[in-house]
Amino acid sequence: AIKDGNDWVSPEGKIIANKELTMDSEQPRSFAFCSDTMYHEDIIPIIKNVDLLYHEATFLHEDIDKAKATFHTTSLQAATIAKKANVGKLIIGHYSARYDNLQAHLDEAQSIFPRTYLGYDGLVMDIPKKK
């Protein structure tokens, strides 16, 4: 009965309010993983409001033709998905080997979605608890 929100009544009739016996549970945290995929807005309702999204960003947007031809996504497109889906944080990854420096990927994505981070082996990302 306490789990259902009822107060507790002792055998002697003393009432202890439910709010003194319980605390609100933490909200679950969520994560979505979109890799090896082309830009596809149909995914947005599925990943809407997740706390952390990993999305491939194989190409820079200047190479969008290559992205389309190989069924991949640009950094700009990954950030657009993150923004439209209202996610908390975006990690981009699955980069093409043609790029020696990934800063351009980060800059491009952050121009649309500032809470973007470069994914790399060993990355640990904090997902804060919700109240």
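**Close-up views of a predicted model**

**View 1. Ile 47 and its contacts.** Ile 47 touches Ala 32, Cys 34, Leu 53, Ile 81, Ala 85 and Val 87, not counting residues up to four places away in sequence; contact means heavy atoms within 4.5 Å. The model is predicted: local features need pLDDT of at least 70 and side-chain atom pairs count only at pLDDT 80 or more, while totals for chains, interfaces and linings use all residues. Residues are numbered from 1 along each chain as its sequence is written, and side-chain values use heavy atoms, with hydrogens and water left out.

**View 2. The largest nonpolar core.** A nonpolar core is a set of buried Ala, Val, Leu, Ile, Met, Phe, Trp, Tyr and Cys residues joined through side-chain atoms within 4.5 Å. Buried stands for under 20% relative accessible area, exposed for over 50%, and partly exposed for values in between (1.4 Å probe, protein chains only). The largest core has 17 residues, of which Ile 47, Leu 53, Val 87 and Leu 90 touch the most other members. Two or more residues of this core come from each of strand 3, helix 2 (44-47), helix 4 (75-84) and strand 5. Helix 4 gives the largest share, four residues. Helices (H or I, at least four residues) and strands (E, at least two) are DSSP runs, numbered from the N terminus.

**View 3. Strand 4 and the strands it pairs with.** Strand 4 covers residues 52-56, and five of its five residues are buried. Leu 52, Tyr 54 and Glu 56 lie on one side, and Leu 53 and His 55 on the other. Strand 3 (residues 31-34) pairs with strand 4 in the parallel sense over four bridges; two strands pair if DSSP finds at least two bridges between them. Phe 31 has Leu 52 of strand 4 as its bridge partner. Strand 5 (residues 89-93) also runs parallel to strand 4, joined to it by five bridges. Here Glu 56 has Gly 93 of strand 5 as its bridge partner.

**View 4. Phe 59 in its loop.** Phe 59 is found in the loop between strand 4 and helix 3 (64-69). Phe 59 counts as buried because its relative accessibility is 4%. Its contacts, leaving aside neighbours within four places in sequence, include Lys 66, His 72, Thr 73, Arg 98, Tyr 99 and Glu 108. The C-alpha atoms of Phe 59 and Thr 73 are separated by 6.4 Å, with the two residues 14 apart along the chain.

**View 5. Salt bridges.** The whole structure holds three salt bridges, a salt bridge being a side-chain nitrogen of Lys or Arg within 4 Å of a carboxyl oxygen of Asp or Glu. Glu 26 and Lys 129 meet in one of them (3.5 Å, N to O). Glu 26 lies in the loop between helix 1 and strand 3 and Lys 129 in the segment after strand 6 (116-118), so the pair ties together parts that are 103 residues apart in sequence. Glu 26 and Lys 129 are both exposed. Lys 84 forms a salt bridge with Glu 41, with the closest N and O atoms 2.6 Å apart. Lys 84 is in helix 4 and Glu 41 in the loop between strand 3 and helix 2, 43 residues apart. Lys 66 forms a salt bridge with Asp 63, the closest N and O atoms being 3.6 Å apart. Lys 66 is partly exposed at 37% relative accessibility, whereas Asp 63 is buried at 14%.
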